[in-house]
Protein chains: 2
Amino acid sequence: MTIAGAGQGLNWLSASDAAAQIASGQITARDLMEAIIDRISARDATVRAWSWFDAARALKMAEEADKIPTNQRGPLHGVPVGIKDILYTKDMPTQFNSPHFQGHFPNIDASCVALLRGAGALIIGKNDTVEFAVNGRRAATTNPHDPARTPGGSSSGSGAAVADGQVPLSIGTQTGGSVIRPASYCGVWALKPTWNAVSHEGFKTCAASFDTLGWYGRSAADLDLLAEVFGIFDDQTPDIPALNGLRIAVCRTPAWPQIEDAGRAALKAATAALKAAGVTVETLDLPPAFDGLPDAHKVIMQSEMRSAFLAEHRKFGAALYPEMHAILRNEAGQTRKDLIAAQDLAARCRAEFETLAEPFDAVLTPSTAGVAPLGPDNTGAATFNRIWTLLHMPCVNIPGLTGDAGLPIGVTLTGPRFSDRKIIALAARIGSLLDGAPVA
Amino acid sequence: MTIAGAGQGLNWLSASDAAAQIASGQITARDLMEAIIDRISARDATVRAWSWFDAARALKMAEEADKIPTNQRGPLHGVPVGIKDILYTKDMPTQFNSPHFQGHFPNIDASCVALLRGAGALIIGKNDTVEFAVNGRRAATTNPHDPARTPGGSSSGSGAAVADGQVPLSIGTQTGGSVIRPASYCGVWALKPTWNAVSHEGFKTCAASFDTLGWYGRSAADLDLLAEVFGIFDDQTPDIPALNGLRIAVCRTPAWPQIEDAGRAALKAATAALKAAGVTVETLDLPPAFDGLPDAHKVIMQSEMRSAFLAEHRKFGAALYPEMHAILRNEAGQTRKDLIAAQDLAARCRAEFETLAEPFDAVLTPSTAGVAPLGPDNTGAATFNRIWTLLHMPCVNIPGLTGDAGLPIGVTLTGPRFSDRKIIALAARIGSLLDGAPVA
């Protein structure tokens with residue numbers, strides 16, 4: 001399936017191209033914003049990616065931006081950005097898609113929002129999210145490729161808005177698979193960086209050991225542009241060898257039994273495309289200790305949720321949706337001993353994964369089990385993402401492949417902690433091989 | 001030295017006693033608040049523990065609390081609490097003691113503040129802090145025992161206010177030694193709980209891997225009362241054996257070469273008091289790997305500060321105070337490789353410490369190298385605290401001992417992650433042995 005009207009108009013520019021064209025005077029911020037507003041107007045009734053958007057205000061922001069002298073402009077000058085509605089924005093409500101927080105309006109900016117504004121970005125609205133970025137109430141958002149399908153959760157609106165040409169950049173968060181999953185389902189580029197490479201300040205905490213800001217863009221260059229704005233750097237400036245000098249590991253992970261046909265085919269197609277380009281591809285099997293990681297993720301996430309949502313638990317009790325209430329009541333009976341064992345296993349596996357990955361330039365792994373399922377209740381699962389979130393490793397979703405019913409499916413490129421810029425650079429190289437590659 | 005007017009009046013009640021007396025109708029919240037206001041009025045010009053306090057408003061809060069029916073009251077009903085001025089309070093400014101944030105007024109409550117209000121506590125004001133709870137501008141606060149001396153940092157006002165009888169409970173935060181150090185210097189009870197046992201949401205992040213909420217009270221029971229309000233629990237309800245069945249390890253830590261005479265004497269006096277009471281006391285020497293922990297703490301803290309303060313760094317640049325600016329510019333040249341090695345070392349030592357501590361009921365260790373130094377520029381050092389912060393272990397400062405010039409000095413009781421309630425219960429038992437014990 002293709003997205004209605006895809007590719008027509010300035011709203012389809014990548015953030016990098018848009019920033020360059022505004023900087024050179026080829027287009028104005030207003031030109032771009034008009035195209036954005038037209039696109040949102042045309043598509044919002046179907047895609048519903050925004051929980052808050054004001055077209056007149058967005059246009060005015062662009063007009064103001066155009067008045068700023070060129071020598072006072074940042075790297076994102078005039079570029080519209082959408083913000084997941086669990087991140088604080090001083091000039092818009094932040095409602096967590098929760099019935100308990102309607103009208104909630106913190107008057108401060110999340111750290112990332114302050115950095116975006118400082119770089120000249122125009123914060124045009126809030127993207128819909130699964131309630132509290134956890135579970136419960138789903139975003140109203142649909143998949144731009146098929147409104148009957150989920151865009152994935154929890155950064156549903158952020159992923160769909162970029163995929164649908166409604167904004168060139170958006171910010172999401174990931175605690176399980178909430179950045180990479182929507183990227184795979186919607187067919188867009190996304191980065192979940194190394195844990196704590198970007199400040200967590202100013203958003204609704206879910207699990208402090210995992211919560212990670214991430215972002216969506218229309219190219220690997222867009223991801224890199226935001227990595228620069230957010231101060232992410234590797235020890236070495238990435239120096240990517242020619243394709244026939246690359247060595248990539250394919251890692252099925254302990255989640256492989258949950259793979260679906262589309263996911264299997266996507267990984268196979270990506271592997272074939274790499275090999276055809278001369279890349280050395282090898283299999284990386286994780287040792288048995290890694291089999292405990294999915295459970296470790298669950299124990300840590302749910303235990304930390306009991307700290308993070310204690311105030312809401314006390315205040316709203318059983319009025320919280322049942323799935324969350326069960327976690328907050330610890331119906332699973334998780335102990336502190338379980339939590340400590342899970343944290344220590346994760347720490348050991350972080351170091352061990354990096355040793356195993358050392359001979360390779362990067363590791364290729366599924367982004368999702370398959371294509372976007374029928375929504376809205378089913379937002380898909382974090383099955384193939386949560387171990388990387390737990391391990392704190394940077395992950396890029398590379399789009400370009402197509403699965404069942406012509407729906408997009410991504411693959412993930414990952415690697416050691418704080419190799420984010422290298423992973424982005426490698427993903428750019430690999431992405432050009434996958435775009436439109438045949439999927440068996 | 002003794003604190004002027006110590007022990008005279010309701011303002012010297014412990015939080016537990018105050019809560020019980022209000023609950024039984026023996027006193028009203030207004031009675032207590034009047035005594036608090038009188039004390040603050042008498043002492044604020046000397047101790048300067050508050051960056052924001054409004055007596056009329058505090059009195060009105062108490063009067064409103066007295067009108068609430070007894071069946072609608074929480075466990076802290078009517079108990080005044082002070083909040084470190086890096087934690088958001090929706091009805092008071094939060095200014096981080098920074099010249100760059102004067103008038104800053106987030107309209108939301110930190111998670112802990114919401115929990116306190118939900119339990120019936122009266123949030124009466126903001127306690128002064130070292131700028132951003134890091135370094136730079138010092139709190140105006142003096143040590144209640146001697147105004148020429150520091151109360152310790154960074155939770156300077158929180159520690160001093162409780163020590164001086166200005167409030168029975170206060171909240172601080174610790175990233176290095178910012179809760180335990182003021183407790184030792186001011187002679188009050190304090191808990192730095194296990195990392196992430198209490199939500200970090202709603203305060204100025206410094207280093208996300210370390211930032212921990214902590215609190216000051218007038219007894220171990222006060223610490224326990226707040227632990228309950230903040231939802232801290234161990235796997236087992238603490239069951240403390242008789243003193244002659246206790247086994248306590250004394251751990252000098254890799255920081256021991258920095259100990260001063262008063263710190264050495266305090267640990268010796270505590271050991272002697274324990275032995276005299278029939279407690280089995282043994283030495284716990286940490287293996288050589290632990291020698292790397294002080295440096296590991298520094299690398300992680302400063303690296304994470306570069307994420308946490310990137311927005312301030314971009315916005316204020318060299319207008320930030322020089323010590324912080326040097327860290328944000330990474331003048332020390334810390335690498336990502338250093339950071340990963342530090343995180344992995346810390347993770348290994350967490351597990352190893354718990355194995356070493358397993359034969360013991362708890363571990364006794366210095367709270368500070370010595371007594372409070374002359375201030376205000378010198379707020380003391382986190383030398384003896386930072387390894388426990390790094391290891392995520394719960395720490396209680398036990399007051400009661402006296403060092404040079406009659407100044408207070410504490411000792412720390414620590415133990416495995418999530419043994420907080422047991423450590424508090426043990427500290428209560430040990431505290432009764434130390435109160436007024438002779439110090440050589």
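**How chain B meets chain A**

Me: How many residue pairs are in polar contact across the interface of chain B and chain A?
Reply: In this predicted model, 25 residue pairs make polar contact between chain B and chain A, both partners at pLDDT 80 or more.

Me: What makes B:Asp344 and A:Arg417 a salt bridge?
Reply: Their closest N and O atoms are 2.9 Å apart. The cut-off is 4 Å, between a side-chain nitrogen of Lys or Arg and a carboxyl oxygen of Asp or Glu, so the pair qualifies. The count between the two chains is 4 salt bridges.

Me: Which helix of chain B gives the most to the side that touches chain A?
Reply: Helix 12 of chain B, with 9 residues. That side divides into 23 nonpolar, 12 polar and 12 charged residues.

Me: How much area is buried between chain B and chain A?
Reply: About 3,600 Å², with 52% from carbon and sulfur atoms. In chain B, B:Glu201, B:Arg336 and B:Phe418 lose the most area to chain A, together 19% of what that side buries.

Me: Now the sheet of chain A. Why do strand 1 and strand 8 of chain A stand at the edges?
Reply: Strand 1 (50-53) and strand 8 (280-283) of chain A each have a single partner strand, so one side of each lacks a neighbour in the sheet. The open sheet has 11 strands, in the order 1-3-2-4-6-5-10-11-9-7-8, with mixed pairing.

Me: How do you know that strand 9 and strand 11 of chain A pair?
Reply: Pairing needs at least two bridges. Strand 9 (residues 362-366) and strand 11 (residues 408-414) of chain A have 4, in the antiparallel sense, so they pair. A:Leu364 has A:Leu413 as its bridge partner in strand 11 of chain A.

Key
Residues numbered from 1 in each chain as written. Chains lettered and ligands numbered in written order. Predicted model: local features only at pLDDT ≥ 70, side-chain atom pairs only at ≥ 80, totals over all residues. Heavy atoms only, no water. Helix = DSSP H or I, 4+ residues; strand = E, 2+ residues; numbered from the N terminus. Buried area = accessible area lost by both parts, 1.4 Å probe. Polar contact = N/O pair within 3.5 Å; in protein donor to acceptor, adjacent residues only side chain to side chain. Nonpolar A, V, L, I, M, F, W, Y, C, P; charged D, E, K, R; others polar.
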